[in-house]
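Please look over the structure below.

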Amino acid sequence: MNRRAQLSALLALPMLWLIGIYIFSLIMLLVTAFWVTDPFTSKVKPGFTLRNFEQIIANPAYASTSLRTLGIALAVTVLSILISVPLGIFMAKVASPKLRAILAVAITLPLWAGYLVKILAMRITFTEEGFFNSMLGPLGISGPGFSLVTVVLTLTYLWLPYMAVPVYTAIRQLPPNLFDASSDLGAGAGFTIRTVVLPLIKPAIIAGSIFTFSLSLGDYIAAKFVGGSTQMIGSIIASNINLNPPIAAAFSLVPIAFVVIYLVVVQRTGALERM
Amino acid sequence: MLRLSLGAKFTLGTIVAIALAFMYIPLFLVVINSFSAARISSWPITSFSTIWWEKAFVSEPIRAALLNSVIVGLGATAIALILGTLVAFALQRYTFFGKQSVNLLVVLPIALPGIVTGVALNNTYNRVLEPIGIDVGYFGMIIAHGTFCIVMVFNNVLARLRRINPSIEEASRDLGATPLQTFRLVTFPQFRSAFVAGAILAFALSFDEVVVTIFTAPPGVDTLPLWIMNQMARPNEASLVNVVATVVILASFIPVWVSQRLARGADERE
């Protein structure tokens, strides 16, 4: 068998699956976004209309939900960076080898604990009669309850390991003599972190941010269970999927657009090539 | 070495302690609440009981949901193992036009938000296949899970193939082994642990998946996450869900332990 035939034999089945099922479905979703829903029977009919997109643009609730979701995804990403960098520095440069090994397991373990289990856990923690209010109530502090803040905290809880693990790995791989050189030249720890560590771990932060951003953007289960009345893009898609599938299809292009724009912006910084 | 002042070390340590508390207190509350006698989770717990554990143990819906999760997970893992390994071999051993696109194609189902994948497949099942008389039913879920699990096997096997020395295979061929014998006796044993690691990751990913499942599960079929979600929406028996969640938390030690073992095994060989 020549190499071309061998390659075709290897790729035939996976390509048939990924293009025939997945790409076909994405294209059909795009096509459905232009179809019409009969307002009386709510049956979907093939056709070509831009009305679904017009409705999305005209309806201020769609625009504000899109912006809110974008804001949530960015807040989760920033919060994950703010936790991961000190965590990574502590693990790599302060902790003893034994403590480091324990922490390495400790930050990956919640990754496996189950998506819904973590949402349930946050629900129990922040509910009105829950742990947070009961512990901090005597100090006069009342928790965020089920709100936008809890959605951001919950999504950070869910996706933090996707940021913490690459950031920690990157800090571990920094050559120690860079720190020596920096301190020999008179830089303090804060200055070293800002001018030496952060620029070098930027690719890891960006890699992690793709996950925290994209995963937060598409989520709506957290909003449903700990968000109170907080709506996200996913909530609107999910509530329309049976009532008005073309609107759901058209609106699902919004998170795709956000992810693509984010990837383009990130690629501009050149961080993807060095990943 | 990074010279941190005592104050800086203390600040870092505090941040780490808060981050760990933020990660583990909520999980701990789930475990403790599974032993609460109350119907609804609240704090502090007034009386303890194992009644919810007893109820969960004999619950038929929980058993059915668990069985579905295992079947779907195994089906998706089998699909991912076959397709992921094929693509990994194609990309590692051959150069061809469109290589980058194939790579992107494998990653796409997990890079795009889950709701997009779910809605897209739901749309195909309901508005394309059903009108022409094809009801994918239960398989719809397995197909969906298999699609986003491919990348797990792919990543693991590809990374290992890159580290395999090609001259060992050439030696096997020179010594008269057929391609099949070479694969079975030389190539496969070298990436077996990556294959197993990929399978565990794929199964775990499928087992935990909610959003895609919501849109692709046939009516009346629950996986374990779907059961948990429906139970959370009906909070009058919230304590039962804490028991299932506790079991999931305990079960999560298994993949961590296995992957630690696999990583250690790989280190020892090197």
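## Between the chains

Chain A and chain B share zero salt bridges; such a bridge is a side-chain nitrogen of Lys or Arg within 4 Å of a carboxyl oxygen of Asp or Glu. Eleven residue pairs between the two chains are in polar contact, both residues at pLDDT 80 or more. A polar contact is a pair of N or O atoms within 3.5 Å; within protein, one must be able to donate a hydrogen and the other to accept it, and residues adjacent in sequence count only if both atoms are side-chain atoms.

By class, the side of chain A that touches chain B has 57 nonpolar, 13 polar and eight charged residues. Here Ala, Val, Leu, Ile, Met, Phe, Trp, Tyr, Cys and Pro count as nonpolar, Asp, Glu, Lys and Arg as charged, and the others, Gly among them, as polar.

## About the model

This is a predicted model: local features need pLDDT of at least 70, side-chain atom pairs count only at pLDDT 80 or more, and totals for chains, interfaces and linings use all residues. Residues are numbered from 1 along each chain as its sequence is written, chains are lettered from A and ligands numbered from 1 in the order in which they are written, and side-chain values use heavy atoms, without hydrogens and water.

## Contact and buried area

In contact (heavy atoms within 4.5 Å) are 78 residues of chain A and 79 residues of chain B. Together the chains bury about 7500 Å², 81% of it on carbon and sulfur atoms. Buried area is the accessible area (1.4 Å probe) that two parts lose on being put together, summed over both.
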